[in-house]
Amino acid sequence: MAEKPEKIVLASGNAGKLKEFGNLFEPYGITVLPQSEFGIPECPEPYSTFVENALAKARHAAKYSGLPALADDSGICAAALNGAPGIHS
């Protein structure tokens, strides 16, 4: 069984997300750090789904930081527009 990480990188520059994830992981003794702390460059998001883009961002942050990473990807999916603009929002 793998050891519990002490630090995780959040593949985002959003201060609100950093605070939210920090609060979620704090009871477990895990510190969530912003990718900016590691000088991680922007990650391309070439995929057609939110899940694929989130995975790409997390893998990118983990590669550059050497730490476990997490990410999310979101957008606006309007039913009246058949789910558009989706990942392009």
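# Reading a predicted chain: loop, sheet and helix

Author: Glu37 lies in the loop between S2 and H2, where helices (H or I, at least four residues) and strands (E, at least two) are DSSP runs numbered from the N terminus. This is a predicted model, in which local features need pLDDT of at least 70 and side-chain atom pairs count only at pLDDT 80 or more, while totals for chains, interfaces and linings use all residues. Residues are numbered from 1 along each chain as its sequence is written, and side-chain values use heavy atoms, with hydrogens and water left out.

Reader: Is Glu37 buried or exposed?

Author: Buried means under 20% relative accessible area, exposed over 50%, and partly exposed in between, with a 1.4 Å probe and protein chains only. Glu37 counts as exposed because its relative accessibility is 51%.

Reader: In what order do the three strands of the open sheet stand?

Author: In general, strands of a sheet pair through backbone hydrogen bonds, either parallel or antiparallel. Here two strands are taken to pair if DSSP finds at least two bridges between them. The open sheet has the order S2-S1-S3, with parallel pairing. Strands S2 (31-34) and S3 (69-70) stand at the edges, each with a single partner strand, so one side of each has no neighbour in the sheet.

Reader: Which residues stand opposite Val9 in S2 and in S3?

Author: On the S2 side, Val9 stands opposite Leu33, and S1 and S2 pair in the parallel sense over four bridges. In S3, Ala69 is the bridge partner of Val9, and S1 (residues 7-10) pairs with S3 in the parallel sense over two bridges.

Reader: What is the handedness of the unit made by S1, H1 and S2?

Author: A crossover is right-handed if, with the strands pointing away from the viewer, the path from the first strand over the helix to the second runs clockwise. S1, H1 and S2 make a right-handed β-α-β unit. Helix H1 (residues 15-25) lies across S1, S2 and S3 and runs at about 165° to S2; axes are lines fitted to C-alpha atoms, for helices over the stretch in contact, and angles run from 0 to 180 degrees between N-to-C directions.

Reader: Which residues make up the largest nonpolar core?

Author: A nonpolar core is a set of buried Ala, Val, Leu, Ile, Met, Phe, Trp, Tyr and Cys residues joined through side-chain atoms within 4.5 Å. The largest one has six residues, namely Ile8, Leu10, Phe21, Ile30, Val32 and Leu70.

Reader: Where is Ser65 found, and which residues does Ser65 touch beyond four places in sequence?

Author: Ser65 is found in helix H2 (residues 50-65), and it counts as buried because its relative accessibility is 16%. With contact meaning heavy atoms within 4.5 Å, Ser65 touches Val9, Phe38 and Ile40, not counting residues up to four places away in sequence. A polar atom of the Ser65 side chain lies 2.8 Å from the backbone oxygen of Ala61, and a polar atom of that side chain lies 3.1 Å from the backbone nitrogen of Leu67.

Key: A polar contact is a pair of N or O atoms within 3.5 Å; within protein, one must be able to donate a hydrogen and the other to accept it, and residues adjacent in sequence count only if both atoms are side-chain atoms.
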